[in-house]
Amino acid sequence: MAAIGVHLGCTSACVAVYKDGRAGVVANDAGDRVTPAVVAYSENEEIVGLAAKQSRIRNISNTVMKVKRILGRSSDDPQAQKYITESKCLVIEKNGKLRYEIDTGEETKFVNPEDVARLIFSKMKETAHSVLGSDANDVVITVPFDFGEKQKKALGDAAGAAGFNVLRLIHEPSAALLAYGIGQDSPTGKSNILVFKLGGTSLSLSVMEVNSGIYRVLSTNTDDNIGGAHFTETLAQYLASEFQRSFKHDVRGNARAMMKLMNSAEVAKHSLSTLGSANCFLDSLYEGQDFDCNVSRARFELLCSPLFNKCIDAIRELLDQSGFTADDINKGVDESGANRFTVLFPSGTPLPARRQHTLQAPGSISSVCLELYESEGKNSAKEETKFAQVVLQDLDKKENGLRDILAVLTMKRDGSLHVTCTDQETGKCEAITIEVAS
């Protein structure tokens, strides 16, 4: 039987289909497997997804984002109050319920959060039907572990209004384990799993026990101060400082310019997940000035190192809260998906799986070679073997002083090692990836 799975996050949504014994995430009409959970209202239409997100620069007050944070909540809920304060689209209380106030010019509309979620679910159903056909409407929906009954009901009602037949709501950490097949292929045995989810607006962590195919949540924690949006904001602030350095204008107080920088920073952020550098070009960013800036992966990692460290600290805190050490965790699962940040957490491996070192070289030389060695054995019997090198060439010479070289080593989930080497003064960068030996 064909079935549909939908995840509606604060910033993005995705849909997977189960067909012919296999499950897979479906690409939308733009060719993306992730759809922005954004709805924009105009005089005659409601726009969902990427087009809505791209139009927010000129239609921000009528663009609804992060609706999941307000679903099923009342005005006296602290989470709702925080959301109302931050939302660019006006949220008011009308007839005892929260509503978005939409002004399209011709009239003022009052839209409830469930209707916004319904439009996103309808987009997900349309995407699924492109693969399955229009008669498949059974759906399983993921929900955060900390969702209360009112939030779950609001999410289920929105899906039902979109034409879905909701079979079940499943907690997101459990859905992640199911997606990776953890606990399903072994009928016996107990293990502890760390589920790491760096979403668009928050970091969610769970320690789960898997015993004979049964899942049990031992401990969970959510930090609303770490998310993909914070990484984007950090990069956008850097771009603003680079623009100010080049053109002597501070655009941080200009909402339109900063929205453009946020859009560019988000695209660059995703590119830097797989590339050594990304180019940010903005046409007429401020007072007719075009802005062109290249950002290296090493620079991005350096800028965001405080956020990476917060992620690591949050894991340590959760383990302490659970009474566990790293050795008690048998496996780690990255549930993040859209932001593409990965934390490697195999049994016995200490965090972080990322190392950075600042090296110093004479300013008078024009090239620097970083050599990588692996060692075997212990103490005096230890043998070291060179297995790779990164070379920075054509560096500007300095008559005196030292140059700082930042070396960043990142171990990926597949076991490959990504190494970047960056001249801190000029930003010149070289990178290599050492694949796992087959």
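Predicted model: local features only at pLDDT ≥ 70, side-chain atom pairs only at ≥ 80, totals over all residues.
In helix 8, the residues Ala257, Met258, Met259, Lys260, Leu261, Met262, Asn263, Ser264, Ala265, Ala268 and Lys269 are buried. Helix 8 covers residues 255-271, a run of 17 residues. From its first C-alpha to its last it reaches 24 Å, close to the 24 Å expected at 1.5 Å a residue.

Against what do the buried residues of helix 8 pack? Their partners are helix 2 (56-59), helix 7 (228-247), strand 16 (277-286), strand 17 (289-296) and helix 9 (297-303).

The contact with helix 7 may be followed in detail. Helix 7 and helix 8 pack with their axes 8 Å apart, at an angle of about 115°. The crossing in which helix 7 passes helix 8 is right-handed. On the side of helix 7, the residues taking part are Gly228, Ala229, Phe231, Thr232, Glu233, Leu235, Ala236, Gln237, Leu239 and Ala240. On the side of helix 8, they meet Met258, Leu261, Met262, Ala265, Glu266, Ala268 and Lys269. Sorted by class, this contact has eleven nonpolar, three polar and three charged residues. Met258, Leu261, Met262, Ala265, Ala268 and Lys269 are also among the buried residues of helix 8.

Helix 4 (residues 113-132) and helix 5 (residues 149-161) have axes 8 Å apart and pack at an angle of about 55°. How are helix 4 and helix 5 placed to each other? An angle from 65 to 115 degrees would count as roughly perpendicular and one under 35 degrees as roughly parallel; at about 55°, the two helices are therefore oblique to each other. Helix 4 passes helix 5 in a crossing that is right-handed. Here Glu114, Ala117, Arg118 and Phe121 of helix 4 meet Ala154, Leu155, Ala158, Ala159 and Ala161 of helix 5. The residues of this contact comprise seven nonpolar and two charged, with no polar ones.

Helix 4 also contains His129. Is His129 buried or exposed? Its relative accessibility is 19%, and because buried means under 20%, His129 counts as buried. Apart from neighbours within four places in sequence, His129 is in contact with Ser134, Ala136 and Asn137.

Lys19, in strand 2 (residues 12-19), is 112 residues from Val131 in sequence, yet their C-alpha atoms are 9.3 Å apart in space. Leaving aside neighbours within four places in sequence, Lys19 is in contact with Val131 and Leu132. With a relative accessibility of 37%, Lys19 counts as partly exposed.

Most residues other than glycine have a negative phi. Asn95, although not a glycine, has a positive phi of about 55°. Asn95 is found in the loop between strand 8 (91-94) and strand 9 (97-103), and is exposed, with a relative accessible area of 75%. Lys248 likewise is not a glycine and has a positive phi, of about 60°. The loop that holds Lys248 lies between helix 7 and helix 8, and at 67% relative accessibility Lys248 counts as exposed.

Technical notes:
Residues numbered from 1 in each chain as written. Heavy atoms only, no water. Axes fitted to C-alpha atoms, helices over the stretch in contact; angles between N-to-C directions. Helix = DSSP H or I, 4+ residues; strand = E, 2+ residues; numbered from the N terminus. Parallel < 35°, antiparallel > 145°, perpendicular 65-115°, else oblique. Left-handed = near helix turned anticlockwise from the far one by under 90°. Contact = heavy atoms within 4.5 Å. Nonpolar A, V, L, I, M, F, W, Y, C, P; charged D, E, K, R; others polar. Expected span 1.5 Å × (residues − 1). Buried < 20%, exposed > 50% of the residue type's maximum accessible area, 1.4 Å probe, protein only.
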